[in-house]
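Below are some notes for a colleague who is opening this entry for the first time. They are set out as numbered points.

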Amino acid sequence: MEKRPFLIDCDTGTDDAIAIMAALYSPQIDIQAITSVNGNVAEVYTSRNNLDLMEYLGKDIPVARGAVRALQGGGINAEGGAECHGEKGLGTIQLPTAQRAFDPRVADQVIYDTAVKCKGELELLVIGPMTNIAIALCNHLDLAGLIKRIWFMGGAALGGNVLPTAEFNIWADALAAHIVTQSGIPMTMVGLDVTLKAVMTEEDIALLRQAGTKAANLTADLLDFMVVRRDEGGEDLVMHDALALAAALCPECLVCKDCFIDVEFSHPYTMGYTFVDQGGRTGKAPNAAVALDIDVPMFRRWLVEAISRSALEK
Ligand code: BDR
Ligand code: CA
């Protein structure tokens with residue numbers, strides 16, 4: 001089986017880490033590189049988390065540092081995710097500090113080089129603010145034509161989790177999200193409409209503990225952190241980012257509709273609003289498949305199985 005080449009751009013983050021682990025052990029795809037962006041916590045932590053995670057799991061995948069602030073958006077430098085993801089992004093978990101080095105290139109260069117290398121086959125899993133992708137598109141005119149598809153967690157057809165009208169990843173760099181959504185790259189938007197329903201349970205944690213591998217135990221530890229967070233009144237065990245990967249690898253989990261989408265980036269009250277033209281009222285051609293419904297049990301099963309596949313590694 002020819003593996004689909006993927007690059008993951010992320011602001012790791014508890015749920016980002018789980019999405020990355022699901023990707024690592026999914027046999028249909030080959031992770032070419034991981035690029036880090038400011039978001040849930042400062043980039044200095046998100047990049048460190050990515051590097052530490054790769055070394056901890058024995059994965060020799062290039063990890064690059066990326067944008068440390070937004071082009072234009074909400075308080076990306078406010079490190080507002082600490083409440084949700086812990087001070088450094090991985091809850092209360094401290095991975096051993098990796099000895100290996102970062103890829104010397106900056107994220108947008110890695111994105112471009114990888115796209116060129118993959119000759120039009122590269123797919124991007126974008127699960128943080130879109131700053132790196134927007135910079136890469138601004139620096140390389142031919143990049144849009146080299147990316148097969150973007151699967152992104154962000155936005156909402158209805159509502160928000162930072163502002164009444166904005167989801168965090170999009171709000172955190174609304175201009176970048178505007179640039180990316182208008183790039184012409186085929187894309188699937190997995191927003192709060194579905195991700196807020198993608199909630200894991202204690203039953204899933206038990207299954208992961210049974211699998212007992214490093215990746216499965218780390219996922220269970222991250223979920224345990226979320227259990228405490230939930231019980232203290234915070235966010236539930238919501239798998240925002242892994243659901244964007246599921247859109248790519250287990251599309252049966254989601255019902256999507258082709259729509260025209262854009263992102264508002266100029267007004268403080270609506271900064272990061274994802275305009276989703278479900279009714280086709282603008283007359284503009286759809287530029288994204290937008291996930292609108294989810295089969296939650298199927299998603300949970302898929303995620304536990306994906307990570308448990310780490311047991312097949314020698
Ligand atoms: C998004 O923001 C972060 O908290 C999560 O990692 C996810 O990417 C949800 O709004
Ligand atoms: Ca994220």
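**Notes on the model**

1. The charged end of Lys 214 sits over the ring of Tyr 56, 4.5 Å from the ring's centre. Elsewhere, Arg 65 lies over the face of Phe 102, with 5.8 Å to the ring centre. The model is a predicted one, and that applies to every point in this note.

2. Helix α1. This helix is mostly covered, with 11 of its 11 residues buried. Among them are Asp 15, Asp 16, Ala 17, Ile 18 and Met 21.

3. Largest pocket. The space in the largest pocket is about 350 Å³. Its lining is made up of 21 residues, and those nearest the centre are Asn 40, Cys 84, His 85, Asn 161 and Phe 168. Helices α1 (14-24), α3 (82-85), α6 and α11 (240-249) each contribute at least two residues to this lining. Sorted by class, the lining has seven nonpolar, seven polar and seven charged residues.

4. Aromatic pairs. How many aromatic pairs does the structure hold? There are three. In one of them, the ring centres of Phe 168 and Trp 171 are 6.1 Å apart and the planes are at 45°, so the pair counts as tilted. Helix α6 (residues 168-172) contains both Phe 168 and Trp 171, three residues apart, which is about one turn of the helix. Phe 168 and Trp 171 are both buried.

5. Another pair, Phe 260 with Phe 275, has ring centres 6.4 Å apart and planes at 65°; the pair is edge-to-face because that angle is over 60 degrees. Phe 260 is in strand β7 (residues 254-263) and Phe 275 in strand β8 (residues 274-277), so the pair ties together parts 15 residues apart in sequence.

6. Second largest pocket. This pocket has a volume of about 190 Å³. It is lined by 14 residues, with Asn 49, Lys 88, Ile 93, Gln 94 and Leu 95 nearest its centre. The lining divides into five nonpolar, five polar and four charged residues.

7. Cavity. The count of cavities of 30 Å³ or more comes to one, and the largest cavity holds about 40 Å³ of space. Its lining consists of Thr 12, Ala 17, Asn 49, Leu 53, Leu 90, Leu 95, Leu 218 and Leu 222. Helices α2 (43-56) and α10 (214-231) are the elements that give two or more residues to this lining.

8. Asn 49 and Leu 95 are named both for the centre of the second largest pocket and for the lining of the largest cavity. Ala 17, a further lining residue of the cavity, is also one of the buried residues of α1.

Note on methods: Residues numbered from 1 in each chain as written. Chains lettered and ligands numbered in written order. Predicted model: local features only at pLDDT ≥ 70, side-chain atom pairs only at ≥ 80, totals over all residues. Heavy atoms only, no water. Phe/Tyr/Trp six-rings, centres within 6.5 Å; stacked < 30°, edge-to-face > 60°. Helix = DSSP H or I, 4+ residues; strand = E, 2+ residues; numbered from the N terminus. Buried < 20%, exposed > 50% of the residue type's maximum accessible area, 1.4 Å probe, protein only. Lys NZ or Arg CZ within 6 Å of the ring centre and 35° of its normal. 1 Å grid on protein atoms, 1.4 Å probe; cavity = no way out; pocket = protein on both sides within 12 Å on 5 of 7 lines; lining within 4 Å. Points joined across faces, edges and corners; volume = space filled by probe spheres on them. Nonpolar A, V, L, I, M, F, W, Y, C, P; charged D, E, K, R; others polar.
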